[in-house]
Amino acid sequence: MSELQMGTDGFSLDGEPFRIISGALHYFRVHPDQWQDRLAKARDMGLNAIDTYIPWNLHESARGSLRMDGGVDLPRFLDLAAACGLHVLLRPGPYICAEWEGGGLPSWLLAEPDMRLRTTDPRYLDAVDAYFGMLLPPLAPYLSTRGGPVIAVQVENEYGAFGEDRAYLEHIAVLLRRHGVDVPLFTCDQPGDLARGSLPGILATANFGSGAARNLATLREHQPQGPLMVTEFWNGWFDRWGGIHNLRPAAVAAAELDTALAAGAAVSLYMFHGGTNFGFTNGANDKHTYRPTVTSYDYDAPLDEAGDPTPKYAAFREVIARYAPVPDVPLPSPSKKLNVLDIRLPDSVPLLEAAAVLGTAATAQRPLTMEELGQDFGFVLYTTRLPAAGPVTLRVEGVADRAQVFVDGHPVGVLERESHHRALAFYAPRAGARLDLLVENQGRVNYGQGIHDRKGILGDVLVDEHRLDHWTSRPLDLADLGPLAFRPTAAPALGPAFHRGEFALEEAADTYLDLTGWTKGNAWINGFHLGRHWSRGPQRRLYVPGPVLRAGGNEVVVLELHATARTAVDLCDTPDLGPVEE
């Protein structure tokens, strides 16, 4: 049994001085068959701990039912960390930010239209209490006080950037204690938010990526005694669709890390290994303009998206060695990558045609939101009839986040939240023409008040200022593509379609799916949802974990949301995360 203790200016573990040198590694962003590899590389870089968030929306995607298996088998992840000799900083939220869908909060919380997240709203607190009551007891054996690797647990996450409700923060701390957490608690905030986000008697820590000396001085001014700790040392950054690929020079980041360690601070790298926003799990930001995050969460970290060392791995290991023992082992070698070109996708099925087998429609006078439909991720297909023939101006009061509009199955335009585009003019060929709006949830906002981010059509749909009624709303979460009836493609698709092909491999290894020539959509290999692709970039290739592939036959499915004549994809042995700032 180990116990982390806090002195006036540092930590001790089992009575001996102890400096936390940690790195963030999110188990839910890494294929579970690769956890062992990433953890071992953390230890070999000189880290003595890892930190991880816990995403509520994956562990309790259906209210009242807890998942702890497969890619969210947290106990197994903690066992592997312990086997690697690593301590763990556990960050259960309930809100986690992390550029993750909705900041990790489950979408079913938003089914109630006036729900107030991250407050003392009793409905929210009841949900948190029930969740912690399921989540925390199975994790109790992993607390260091009971022989496990978890030495500290975080209360909420950067709350000072969101609100000033100390009663809410105190309630979360009480819930953690009530459900058996008896290791030290801590909060984390950006330096300017420390007063709003910290609690008396609980260690306050800071998040920043530069200005280490200045920001540590701010932390010490706020908290005159106790260990100095940087819970998130931002050594890189995330990317958004339509932006550039963010890079930070290794030497610059290493110099800031050196400054923090020289000041005696404990540090956790954000990120040690970023991983991937597989499937529909990316988040978004909305500071007056909606900006969804890309599929890759490479983060320009010491380990890249495929777990290979970047220049920061060696640079950070050299810095850490000045302050703590570092294993005397060689730098890790990059993993083998596959290169398989011109994989043909000869079969397809149009999405509008296949919708009926992918989701069950609900009927109502108005379009229903995703949350009202009990849906987390994906698309909703909304359908009604146009009242008359002739020129039409369509206006949608709220689109979250991107609506493709079809009349009798023909595309007539796109409405986008990001461009604030909510109106569209077209010609209706006849009275009673079928109107379809295929709305994509491009990722719920993960930061700020925008986390109250409901998806689908929000409000009325108007034709020439007259409200359209009598809607069907069909959820398409695309969790299971098994029902799709593919057939040989006879002509290029005019609208959204799934395209399917097969390829053979002699062995499985990591690779990157190149979708040059495709426009926008999603991709799966052997049923594993790799994530979103979009020609606007910056990301141009999707990471394919080796464990997804197999020796012998493999299947690839690409959802293309727009017309395309493209019939092939490539597997490449190098990533392409896009252009960087000159």
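This tour goes through parts of one structure, stop by stop, saying what to select and what is there.

The structure is a predicted model, in which local features need pLDDT of at least 70 and side-chain atom pairs count only at pLDDT 80 or more, while totals for chains, interfaces and linings use all residues. Residues are numbered from 1 along each chain as its sequence is written, and side-chain values use heavy atoms, with hydrogens and water left out. Helices (H or I, at least four residues) and strands (E, at least two) are DSSP runs, numbered from the N terminus.

**Helix α3**

Now select residues 74–83, helix α3, where the buried residues are Leu74, Pro75, Phe77, Leu78, Leu80 and Ala81. An α-helix has 3.6 residues a turn, so residues three or four places apart point the same way. After α3 comes Gly85, whose phi is positive, near 80°.

**Helices α7 and α8**

Select Gly211, in the loop between β9 (203–208) and α7; with a relative accessibility of 17%, Gly211 counts as buried. Continue to helix α7 (residues 212–222) and helix α8 (residues 250–262), which pack at an angle of about 35° with their axes 9 Å apart; axes are lines fitted to C-alpha atoms, for helices over the stretch in contact, and angles run from 0 to 180 degrees between N-to-C directions. Where they meet, Ala212, Ala213 and Leu216 of α7 face Glu256, Thr259 and Ala260 of α8, contact meaning heavy atoms within 4.5 Å.

**The open sheet**

Finally, select the strands of an open sheet of 6, in the order β28-β15-β29-β34-β31-β32, with antiparallel pairing. Strands β28 (487–488) and β32 (528–534) are at the edges, each with a single partner strand, so one side of each has no neighbour in the sheet. Within the sheet, 4 bridges join β15 (residues 347–350) to β29 (residues 497–505), and Asp347 has Arg500 as its bridge partner in β29.

Definitions and conventions:
Buried < 20%, exposed > 50% of the residue type's maximum accessible area, 1.4 Å probe, protein only. Pairing = 2+ DSSP bridges.
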